[in-house]
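Keep the structure open while you read, and take the points in order.

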Amino acid sequence: MTGVDWIALAGKKAKGKRPAYFEDPALDRLTSIVMALAGEVAVTRERLDTVERLLEAKGSITRADIDAYRPDRDAGYERGLATREFIARILRGVQQDMEALAEIEPSIEEISRELRDS
């Protein structure tokens, strides 16, 4: 594997103040956990893609084959597209909320006109 001690790294305290996005700190922690899990799933999906591609090309593989695999341009493009689609599905609810806010909020131009005309 990579030689990185993920358990030690996970226990390290980050420098600076943790960003707060919600009034309830529990929501920030939950969001952090969900995004970390999404990252893990994305990595697992890429590794599975590697296994599938190698099996298709070679018929049998070793762990070393998987670790040494580097996707070609086409595979990299397909993976990038799959990752963007995955993120879009995960964050669809957030995107819908942002779209709803944009519909409710008047544009800066509308606000400027209203201020000018009043």
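1. Start with glutamate 78 and arginine 53: these two form a salt bridge, and their closest N and O atoms are 2.5 Å apart. Glutamate 78 sits in helix H4 and arginine 53 in helix H2, so the pair links distant parts of the chain, 25 residues apart. Bear in mind that this is a predicted model.

2. How exposed are the two partners? Glutamate 78 is partly exposed, with a relative accessible area of 43%. Arginine 53 also counts as partly exposed, at 25% relative accessibility.

3. Arginine 53 has another partner to look at: aspartate 49, in a salt bridge whose closest N and O atoms are 2.7 Å apart. Both residues belong to helix H2 (residues 25-58), and because they are four residues apart there, about one helical turn separates them.

4. Now stay on aspartate 49, which is buried, its relative accessible area being 17%. Its side chain also meets that of arginine 79 in a salt bridge (2.7 Å, N to O). Since arginine 79 lies in helix H4 (residues 73-90) and aspartate 49 in helix H2, this pair ties together parts that are 30 residues apart in sequence. Arginine 79 is buried as well, with a relative accessible area of 11%.

5. Through shared partners, salt bridges join Glu46, Asp49, Arg53, Glu78 and Arg79 into one network. For the whole model, the count comes to eight salt bridges.

Note on methods: Residues numbered from 1 in each chain as written. Predicted model: local features only at pLDDT ≥ 70, side-chain atom pairs only at ≥ 80, totals over all residues. Heavy atoms only, no water. Salt bridge = Lys/Arg side-chain N within 4 Å of Asp/Glu carboxyl O. Helix = DSSP H or I, 4+ residues; strand = E, 2+ residues; numbered from the N terminus. Buried < 20%, exposed > 50% of the residue type's maximum accessible area, 1.4 Å probe, protein only.
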